[in-house]
Amino acid sequence: KKINIDNQTVDNNSLDNLFQFFGSDKANKFLTNKNSQGHGYSVHYTNELKNLKEKKMNILEIGSYSGASAAAFTKFFFNSKIFCFDINISNFKFISKNIEVYGVDINNKSKILKILNKIFLNNKFKYFDLIIDDGSHKLSDILFSLKFFFEYLKIGGFYVIEDFKHPNYYEYNKDIDDILAD
């Protein structure tokens, strides 16, 4: 059963608290996993995006898994709409009028184009204000997504690649012989 977050009242002043509340590993502490250390991305998101909190934005999240970060972003950026792409949406456990979820393999260009056309037509916009790539972490997918989706980013928008160093540390993510990030 999906959890409807539209009527949930949560303190939306801290993105880190929201990530913790919804169970996202983007928090400093990942509370749903025996208080283990989270990725701590909330600090970077807060520092870079806090001035956008009340702005109406269209956000694309590539790699949404259970939807915990989408739920947190929906509550933090309360005037925004979140569009989630994931290869397996069966794990997605949140619903909201401000979240749209699409099951798609990031390498299926024709299906992605159909979905993007539908999103743009139905929501009457052409570019995303924020694109977050938290997908497979394979170098080929990171580079494909950046090359493909960057043209759908609004001028002055933000493109975030999470875990961009995974191909440096995990050989199975360095699936092509290309540049690595330092």
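Which residue forms a salt bridge with Lys81, and how far apart are the closest N and O atoms? Glu100 is the partner, with 3.0 Å between those atoms. Welcome to a few close-ups of a predicted model, in which local features need pLDDT of at least 70, side-chain atom pairs count only at pLDDT 80 or more, and totals for chains, interfaces and linings use all residues. Residues are numbered from 1 along each chain as its sequence is written, and side-chain values use heavy atoms, with hydrogens and water left out.

**View A. The salt bridge of Glu100 and Lys81.** A salt bridge here is a side-chain nitrogen of Lys or Arg within 4 Å of a carboxyl oxygen of Asp or Glu. Glu100 sits in strand S7 (residues 99–103) and Lys81 in strand S5, so the pair ties together parts 19 residues apart in sequence. Helices (H or I, at least four residues) and strands (E, at least two) are DSSP runs, numbered from the N terminus. Glu100 counts as buried at 19% relative accessibility, and Lys81 is buried at 18%. Buried means under 20% relative accessible area, exposed over 50%, and partly exposed in between (1.4 Å probe, protein chains only).

**View B. Salt bridges elsewhere in the chain.** The whole structure holds six salt bridges. In one of them, Glu162 meets Lys26 at 3.1 Å, N to O. Glu162 belongs to the loop between S9 and helix H6 (166–169), Lys26 to the loop between H1 and strand S2 (29–30), and 136 residues separate the two. Both Glu162 and Lys26 are buried. Another pair is Lys154 with Asp129, at 2.9 Å, N to O; Lys154 is in strand S9 and Asp129 in strand S8, 25 residues apart. Lys154 is partly exposed, at 36%, whereas Asp129 is buried, at 5%. Shared partners join Lys26, Glu61, Asp134 and Glu162 into one network of salt bridges.

**View C. The largest nonpolar core, with 27 residues.** A nonpolar core is a set of buried Ala, Val, Leu, Ile, Met, Phe, Trp, Tyr and Cys residues joined through side-chain atoms within 4.5 Å. Phe22, Tyr45, Phe73 and Phe77 touch the most other members. At least two residues come from each of helix H1 (15–22), helix H2 (41–49), helix H3 (68–76), strand S5 (81–86) and strand S8 (128–133), and H3 gives the most, six. Setting aside residues up to four places away in sequence, Phe73 touches Leu15, Phe19, Lys26, Tyr45, Glu61, Ile82 and Ile132, where contact means heavy atoms within 4.5 Å.

**View D. Thr74 in helix H3.** Thr74 counts as buried, at 5% relative accessibility. Beyond its neighbours within four places in sequence, Thr74 contacts Ile5, Ile82, Ser96, Asn98 and Ile99.

**View E. The largest pocket, about 630 Å³.** On a 1 Å grid over the protein atoms alone, a pocket is an open set of points where a 1.4 Å probe fits, with protein on both sides within 12 Å along at least five of seven lines; lining residues have an atom within 4 Å of a point. The volume is the space filled by probe spheres set on the points, which are joined across faces, edges and corners. Of the 35 lining residues, Gly63, Ser64, Tyr65, Asp86 and Asp134 are the closest to the centre. Helix H5 supplies the largest share, three residues.
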